[in-house]
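Q: I would like to go through the aromatic rings and the nonpolar packing of this model. Could we take the rings to begin with?

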Amino acid sequence: MLFVPRLIHLARGGAEGMTPLNAFDNALLQAGVHNLNLNRVSSIVPKGARFGEMGSVPVGTVVPAVYATVTSNVTGEVISACIGAGVGSEGGVLMEYHHMGPADDAERVVQSMVEEGFARRGWDLQEVRFATGEHKVDRLGCAVAVAVLLDSVPVDEEGR
């Protein structure tokens, strides 16, 4: 049996930590997805999926997610991680990007990535939404952007 996610929850965060892993965990905490086990998947939005809040999900739940993360220990550096969700009538794509620089630059790059993904597929792009985490590093910081894919509806191998 296959499962098709029907809900896309976009989240972002940025935080400090005493180690890179602690900074990442703290950024996930700020994004509100800290108590989930994120199972990294590739970047396709199912046809008919909608954007929304994820609501209450039990601690430790394994969920499919697309995410971007960046960590730095350069004091004063601005770091950004971005997810762009492009949707159209055929479905969509999720593109992720991170860099040492501001959020608006990351969003411009991701916009271009989404547009290329749609052009290569021959799809019409109707909407793009962003989740962009930006953080100014104090000692050891992390920025994250996450698209959690939830609200699965069971389907068989033929998509019914």
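Q: How many aromatic pairs does a search of the whole structure find?
A: The search finds two aromatic pairs, a pair being rings of Phe, Tyr and Trp (its six-membered ring) with centres within 6.5 Å; planes under 30 degrees apart count as stacked, over 60 as edge-to-face and the rest as tilted. This is a predicted model, in which local features need pLDDT of at least 70, side-chain atom pairs count only at pLDDT 80 or more, and totals for chains, interfaces and linings use all residues. Residues are numbered from 1 along each chain as its sequence is written, and side-chain values use heavy atoms, with hydrogens and water left out.

Q: How is the pair of F24 and Y67 arranged?
A: F24 and Y67 are tilted, at 6.1 Å centre to centre with 40° between the planes.

Q: Are F24 and Y67 buried or exposed?
A: Both are buried (under 20% relative accessible area; exposed is over 50%, partly exposed in between; 1.4 Å probe, protein chains only).

Q: And what about F118 and W123?
A: Their ring centres are 5.7 Å apart and their planes lie at 75°, so this pair is edge-to-face. F118 is buried at 2% relative accessibility, whereas W123 is partly exposed at 23%.

Q: Turning to the core, which residues have the most contacts inside the largest one?
A: They are L28, V33, L38, V144, V146 and V148, in a nonpolar core of 20 residues. Such a core is a set of buried Ala, Val, Leu, Ile, Met, Phe, Trp, Tyr and Cys residues joined through side-chain atoms within 4.5 Å.
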